[in-house]
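User: I would like to go through this model with you, a few places at a time. Please keep the answers plain.

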Amino acid sequence: MRPATYALLLLILPGGANAQTTSALDLSDYVGTYVESPGHNLEIVDGDGLFAVLDEGKYKLRASGSDRFVTLSGQTVSFPRDANGKVTGYEQDGQFHPCVSTAVTPESAALAKPRPKGQDSPLDYRYHSPADLHDGIAVGDIARSDLGAGTAEAIVRAILDGTYKDVHSVLLYQHGKLVMEEYFYGYSVQRTHQLRSATKSVVSALAGIAVDQGALSGASQRVLPEMSYASYANPDSRKAGMTLENFLSMSSGLDCNDHSSTSPGRETVIDNASDWVKATLDLPMINDPGTQAYYCSGGVSVVGRLVENKAHMLLPEFAQANLFGPLGISRADWVWNYDLTSADKEYSQIHLRPRDMLKLGILFADDGRWHGHQVIATSWVRASLSEHSHVDNVSYGYFWWRPWLKVEMPGGSQYVDVVAAQGNGGQKIYLVPQYDFVAVFTAGGYNAESTPPNTIMSKIILPALMVARSASPKK
């Protein structure tokens, strides 16, 4: 569930004063499909500058000399040519990756701009209500919500004019109705989107359902007795005390920190292990369980395996039977290559349609109920969304974030608490209970320090909700 960290796909920086600008290059020379690894291709597209596409992720490229690029980590990527001047592939770290076609898929080509020509004028956009797909999500007119049509127009026009880049979908839901649904960059209502680390919130929900069913005793369930491994590296008596809650709150005590370049449990190390669960549990302890939290993707594999072991079902099967099925989500409408080994090039992330992401948001916003049916116990939902630790200085629940967003209002700055499932690139499910509001975003800003959804929330959506609240009659 980590972001792709292929060196070529890291943000490319100019090489300095001698760097050749992209305007001086014929970018079409590089367009095509390349073999990134056996059975795994990479595409390079010319559109709003040159960018590479891998696993649907878009990564901007900038030139640094003739047929040469430099990665953020300082690695050189060069594009050799044959005697006729044709690019034959790319070279990196002494390895040659051949170009197998000068064509790219329509899906990758669509990532070049928000909307096709003829639909891309910001001034031409006019709001329209979402379609009623009879999928369990009621729809309505945004003019009858606290947002107003001007909110939708401001968001879409800013995406179309490039103010907010690489936003793939925006879904806004208030007072029981979906009032805005827009797609960009070739995405559509029926197309799934990778969730990256927002997958963690799905795993949290499945753990809660396993508790509801009695497969797990509760958040205090000890983890090691339910695993099948005979022994562990770095033996430590504190490992026996690790609980489900410790892993859900990122406070297992193991030396697992994705944001530390020296942690033996960082995701780039664990992802290369033949068994992610064993590799995580083999890590040395550096804290008592429950005392200090670090962002640890390896921990989600432990939670998933715990549910599998106790429910006696593979996690995707358990999800369809107990979560997605009750929400009216067909097995054909989502993808989850759940392997938990180095062979898993998807990093065990799930792909969902944005409307199905919204269903998860609605489920948690309504205390685990879907159309009156209790899918997850209210007690688990409330515990999941409550603070159990601080990760990267942000309040954290059970694989749910609890950030605040700064909103500039005429009377000064205000801070709005939200709850969010979130993944690299801008995959977001926001819950804002004080405004009876849920928002879903998907986006392609992978490996960026900040992504447009947070800004759209703080600059457009939340101000509209706050103004409407202040204007409503006091009861």
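User: Where is Ser 450 placed?
Analyst: Ser 450 sits in the loop between strand 23 (437-443) and helix 11 (452-471). Helices (H or I, at least four residues) and strands (E, at least two) are DSSP runs, numbered from the N terminus.

User: Before we go on, what kind of model is this, and what limits apply?
Analyst: This is a predicted model, in which local features need pLDDT of at least 70 and side-chain atom pairs count only at pLDDT 80 or more, while totals for chains, interfaces and linings use all residues. Residues are numbered from 1 along each chain as its sequence is written, and side-chain values use heavy atoms, with hydrogens and water left out.

User: Is Ser 450 buried or exposed?
Analyst: Ser 450 counts as exposed because its relative accessibility is 60%. Buried means under 20% relative accessible area, exposed means over 50%, and partly exposed lies in between (1.4 Å probe, protein chains only).

User: And how are Ser 450 and Asn 424 separated?
Analyst: Their C-alpha atoms are separated by 9.5 Å, with the two residues 26 apart along the chain.

User: Now the backbone. What is the phi of Asn 234?
Analyst: Asn 234 has a positive phi of about 50 degrees, although it is not a glycine. Asn 234 belongs to the loop between helix 3 (199-212) and helix 4. With a relative accessible area of 39%, Asn 234 is partly exposed.

User: What about Asn 393?
Analyst: Asn 393 is not a glycine either, and has a positive phi of about 65 degrees. Asn 393 is in the loop between strand 16 (389-391) and strand 17 (394-396), and counts as exposed at 77% relative accessibility.

User: What is Gly 218 in contact with, leaving aside its neighbours in sequence?
Analyst: Once neighbours within four places in sequence are set aside, Gly 218 is in contact with Val 211 and Leu 244. Contact means heavy atoms within 4.5 Å. As for Trp 380, its C-alpha is 9.2 Å from that of Gly 218, across 162 residues of sequence.

User: Changing topic: how many disulfides does the structure hold?
Analyst: The structure holds 1 disulfide, where a disulfide is a pair of cysteine sulfur atoms within 2.5 Å. The disulfide joins Cys 256 to Cys 296, with an S to S distance of 2.1 Å. The pair links distant parts of the chain, 40 residues apart: Cys 256 is in the loop between helix 4 (244-248) and helix 5 (267-270), and Cys 296 is in the loop between helix 6 (276-281) and helix 7 (298-311).

User: Which hand does that disulfide have, and why?
Analyst: The torsion about the S-S bond of Cys 256 and Cys 296 is about 85 degrees, so the disulfide is right-handed.

User: Next, where is Val 77?
Analyst: Val 77 is in strand 6 (residues 76-78), and is buried with a relative accessible area of 0%. The C-alpha atoms of Val 77 and Gln 92 are separated by 5.0 Å, although the residues are 15 apart along the chain.

User: And Ile 137?
Analyst: Ile 137 is found in the loop between helix 1 (106-109) and helix 2 (149-160). Ile 137 is buried, at a relative accessible area of 4%. Neighbours within four places aside, the contacts of Ile 137 include Tyr 173, Leu 178, Arg 355 and Trp 370. By contrast, Ser 252 is 38 Å away from Ile 137, C-alpha to C-alpha, and 115 residues away in sequence.

User: Finally, the whole chain. How many helices and strands does it have?
Analyst: The protein chain has 11 helices and 23 strands. Its C-alpha trace spans about 70 × 65 × 45 Å along the principal axes. Of its 475 residues, 55% are buried.

User: How much of the contact set joins residues at least 24 apart?
Analyst: That share is 63% of the contacts between residues at least 6 apart in sequence.
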